[in-house]
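Please review the report below alongside the sequence and the model. It takes selected local features in turn.

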Amino acid sequence: MNEFKKLVFSGVQPTGNLHLGNYLGAIRRFVALQEGNDCIYCVVDMHALTAQLVHEDMPSQTRSIAAAFIAAGIDPEKHIVFNQSAVPQHAELAWIFNCVARIGWMNRMTQFKDKAGKDREQASLGLYAYPSLMAADILVYRATHVPVGEDQKQHLELARDIAMKFNLDYAEHISRTGYGVDITVGNEPVHAYFPMVEPLIDGPAPRVMSLRDGTKKMSKSDPSDLSRINLMDDEDAISKKIRKAKTDPDGLPSEIDGLQGRPEADNLVAIYAALADKSKADVLAEFGGQQFSVFKPALVDLAINVLAPITGEMRRLMDDTSHIDAILRKGGERARARAEVTMRQVRDVIGFLY
């Protein structure tokens with residue numbers, strides 16, 4: 001192998017209902033990345049255990065994520081859609097990466113501090129080691145690119161650190177087995193087994209905020225269902241939530257600078273821009289000077305026009321789970337075949353007998 005073949009990998013946790021933020025910030029980008037790329041999209045059900053150990057509806061949640069992938073336009077024949085636990089090589093590589101990663105690296109992970117809260121002694125080891133499993137998810141396929149939000153960028157940097165340490169620690173073994181690729185990191189040549197994965201962070205609305213508080217990210221865990229538009233919401237629910245969305249008394253400005261200090265207005269304009277594939281400047285050129293009583297109904301119509309076909313297809317797929325299960329089963333088989341190639345080579349590099 002003379003170079004790493006470009007491969008896109010990403011995953012979504014099956015925890016709670018998917019919402020507009022998940023669609024605009026992740027799933028719609030997954031669909032666009034299919035053009036011209038080899039893509040692997042995963043329902044990361046093993047990661048879901050770090051949020052909550054016991055899930056009564058794990059099968060349904062897993063199918064729901066897969067249904068959203070398919071309904072949004074991901075082609076499971078051309079690309080791979082599967083659930084993480086169907087490929088045990090993820091966990092096998094994660095253990096190796098636990099031995100590569102350093103405690104100090106993990107201690108710097110801000111998401112662990114945020115999610116564990118004040119009583120970190122009661123947090124699970126899985127939540128602490130989450131970034132090692134995330135690195136394994138990506139690198140077990142030797143993926144080169146990952147679409148991520150800003151909140152996951154630090155984890156991707158850790159994946160790069162783990163990959164580099166493995167490459168350097170096992171440099172002689174990698175050369176001896178002949179599995180490596182010559183790359184340059186900075187100005188230094190490295191004979192690498194794992195690639196230095198790159199983030200894909202572009203997109204018109206990478207952070208969709210709460211409809212009730214424009215300073216907080218739209219979240220599955222928010223106790224108020226009015227704070228988010230769920231992908232399974234019907235037209236009446238979408239209309240109600242947008243009409244009740246928090247705003248301020250001023251009308252929409254004509255220039256982007258006029259959105260500063262107005263998080264709720266900025267959020268609604270950003271949502272409209274993302275759904276319409278326009279810039280915020282384009283939206284303000286159309287609605288600048290108008291009151292929210294005019295803008296919100298237009299946003300309702302746009303949101304329903306974009307989301308209703310996806311919602312309808314998701315409902316159809318969830319009514320016949322055998323089709324979703326077949327997609328996941330086939331995807332798991334294809335993913336296992338790829339992952340096992342990597343793990344056979346990693347075992348050779350390390351010196352495991354098998």
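Asp277 is exposed, at 63% relative accessible area. Here buried means under 20% relative accessible area, exposed over 50%, and partly exposed in between (1.4 Å probe, protein chains only). Asp277 lies in the loop between helix H11 (263–276) and helix H12 (280–287). Its phi is positive, about 55°, although Asp277 is not a glycine. Helices (H or I, at least four residues) and strands (E, at least two) are DSSP runs, numbered from the N terminus.

Arg142 also has a positive phi without being a glycine, near 50°. Arg142 sits in the loop between H7 and strand S4 (145–147). Arg142 counts as buried, with 10% relative accessibility.

## Basis of the model

This is a predicted model, with residues numbered from 1 along each chain as its sequence is written. Local features need pLDDT of at least 70, side-chain atom pairs count only at pLDDT 80 or more, and totals for chains, interfaces and linings use all residues; side-chain values use heavy atoms, leaving out hydrogens and water.

## Helix H13

H13 covers residues 292–319, 28 residues in total. From first C-alpha to last, H13 reaches 38 Å, close to the expected 40 Å (1.5 Å times one less than its number of residues). H13 bends by about 40° at Leu307. The bend is the angle between axes fitted to the seven residues ending there and the seven starting there.

Strands S5 (residues 181–185) and S6 (residues 188–192) pair antiparallel over 5 bridges; pairing requires at least two DSSP bridges between two strands. Thr184 has Pro189, in S6, as its bridge partner. The hairpin has 2 residues between the strands, and Gly186 takes a positive phi near 70°.

## Cysteines

The structure holds 0 disulfides (pairs of cysteine sulfur atoms within 2.5 Å). Cys42 is buried, at 0% relative accessible area. Cys99 is partly exposed, at 42% relative accessibility.

## Second largest pocket

The second largest pocket has a volume of about 440 Å³. Of its 20 lining residues, the closest to the centre are Asn98, Leu125, Ala129, Tyr130 and Ser132. Helices H2 (45–51), H4 (89–100), H5 (103–107) and H7 (125–139) each give two or more residues to the lining. H7 gives the largest share, 7 residues.

A pocket is an open set of points on a 1 Å grid over the protein atoms alone, where a 1.4 Å probe fits, with protein on both sides within 12 Å along at least five of seven lines; lining residues have an atom within 4 Å of a point. Points are joined across faces, edges and corners, and the volume is the space filled by probe spheres set on them.
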